[in-house]
Amino acid sequence: MAFRALLTRRTLAAASGLGPNGGVATSFRGLQTFSLPDLPYDYGALQPAISGEIMQLHHQKHHQAYVTNYNKALEQLHDAMSKGDAPAVVKLQSAIKFNGGGLSDLICWVMQAGGGEPPKGSLGWAIDNNFGSVDALVQKMNAEGAALQGSGWVWLGVDKELKKLVVETTSNQDPLVTKGPSLVPLIGIDVWEHAYYLQYKNVRPDYLKNIWKVINWKYASEVYEKECP
Amino acid sequence: MATATVAATAPLSNGFLLRRGPNEGAKSARGLQWTKNHRQSPSSRRFGAAVITAKFDLKPPPYPLNALEPHMSANTLSFHWGKHHRAYVDNLNKQIVGTELEAKSLEDIVIQTYNNGDLLPPFNNAAQIWNHDFFWESMKPGGGGKPSGELLKLIERDFGSFEKLCEELRAAAATQFGSGWAWLAFNPRPSDGKELLVVKSPNAVNPLVLGYIPLLTIDVWEHAYYLDYQNRRPDYISIFMEKLVSWDAVSAKLEVAKAQAA
């Protein structure tokens, strides 16, 4: 599963500056389980774009639940596989996909640690090339994020084979890789209602306008430069 | 009694549902006559400069917005009905103006734009109007309690007990991942003789598109409960079942459903 690779301790520490206690707990019965990583900043650090109340709930309740359920599903999967219970294995696929959404949340936290200064360097150049300008990219992502029906994510990704930037949306907690196996996320914006409702209520477009103030372009540039050296 | 899940698109693969997502379905309008035609629609009149056409109205709930307190706050109703439900109505009216859909009933628009799972753009708005009208009717001040009469008889026949029905409904509502709805529905042509079933559906999808007649619904989009319950969807579901559900409304809808099916 492509997204498992992203959860190694080394990748987390390198890409996000999370401490040694963030991310991965090690083996129990030969099965790797995961723990909820700390945010690399205080809950209130992204105000006024995102309220501390939302950040705390989103992290401590929603993200935690995904991690807990993901671990449960992994354990059940391990059992089912060792018993050769094929129907159970298949049934657990969706639980793993749903709860692997914790990974999307993880990326989301890392991606929102920045002060929103626009990208420079090769990513800035690639954005101008692919979309015309950073503004144009933002408009496009906001339009697609606003139009997404139900729950999901809007992404800026790089196709590491084609060396192209793409804007994609996914439903529910489907990771970007479900839209293309060579897609790597650079920016992910959660448009589940829990990501903004307490502060922005039904006005998702206002949330989308404001979230750009805290997008971590530094992280996006680092990942881009790694995939497109 | 198995819980049915209505997928936004039809194909089943490897035993679990692969959904392309309603957004993608809505982008392809192949195979169906839903097009903007430019003839003047019969319901619009030109008075001076402005043409005013409002095909669908925002129906108010059958009780004041604060009537469901403390279980569902007036604050929630003011956003859920006043903003979300209202937006679906406004947006559908804009979408269908000057098209053949303007002449159709809401239910017909829902079925036609579902388009066998390849959703057309008006589906989301049309179905969400229908769903929300139905949701307000599924609740009442002083709700909860137990059903009686013919409804209770059928529940006991098809689920074993009222408690078993509640268990299934709660489970469906709790496990509908992402946005969606849980339903009690009536199947007019059951292959196994069981006319009542629990259904869960994603986003705007509802049991009408499967040929079932809805009897009861609970909205599990986060906007339905987030202001009052935050992430605690199970608490919201419990309160819905214990304090809000209108079994009278369900009985009335069952009578209509049986008459239709006869």
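**Figure 1. The loop holding Lys201(A) in the predicted model.** Lys201(A) is placed in the loop between helix H7 (197–200) and helix H8 (204–211) of chain A. The structure shown here, as in every view below, is a predicted model. The backbone at Lys201(A) has a phi near 50°, a positive value in a residue other than glycine. Most residues other than glycine have a negative phi.

Figure 2. Gln47(A) and Pro48(A) are linked by a cis peptide bond, with omega near 0°. The loop that contains Pro48(A) runs between strand E2 (31–34) and helix H2 (52–83) of chain A. In general, most peptide bonds are trans.

Figure 3. In chain B, the bond joining Glu69(B) and Pro70(B) is cis, and its omega is about 0°. Pro70(B) belongs to the loop between strand E5 (50–51) and H2 of chain B.

**Figure 4. Helix H2 of chain B and the residue Gly98(B).** H2(B) has 23 residues, which at 1.5 Å a residue should span 33 Å; the C-alpha atoms at its ends are 31 Å apart, and the two values therefore agree. Just after H2(B), Gly98(B) adopts a positive phi of about 80°.

Figure 5. Glu144(A) and Lys140(A) form a salt bridge, in which the closest N and O atoms are 3.2 Å apart. Both residues lie in helix H6 (residues 134–147) of chain A, where Glu144(A) and Lys140(A) are 4 residues apart, about one turn of the helix. Side chains of opposite charge can pair when their charged atoms come close. Over all chains, the structure holds 15 salt bridges.

**Figure 6. The interface of chain B and chain A.** The contact draws 23 residues from chain B and 23 residues from chain A. The size of an interface is often given as the accessible area lost when the parts come together. Between them, chain B and chain A bury about 2300 Å², with 58% of this area on carbon and sulfur atoms. Across the interface of chain B and chain A there are 0 salt bridges, while 6 residue pairs, both residues at pLDDT 80 or more, are in polar contact. On the side of chain B that touches chain A, at least two residues each are supplied by helix H1 (22–27), helix H2 (74–96) and helix H7 (226–229) of chain B. That side of chain B comprises 7 nonpolar, 12 polar and 4 charged residues.

Technical notes: Residues numbered from 1 in each chain as written. Chains lettered and ligands numbered in written order. Predicted model: local features only at pLDDT ≥ 70, side-chain atom pairs only at ≥ 80, totals over all residues. Heavy atoms only, no water. Contact = heavy atoms within 4.5 Å. Buried area = accessible area lost by both parts, 1.4 Å probe. Salt bridge = Lys/Arg side-chain N within 4 Å of Asp/Glu carboxyl O. Polar contact = N/O pair within 3.5 Å; in protein donor to acceptor, adjacent residues only side chain to side chain. Nonpolar A, V, L, I, M, F, W, Y, C, P; charged D, E, K, R; others polar. Expected span 1.5 Å × (residues − 1).
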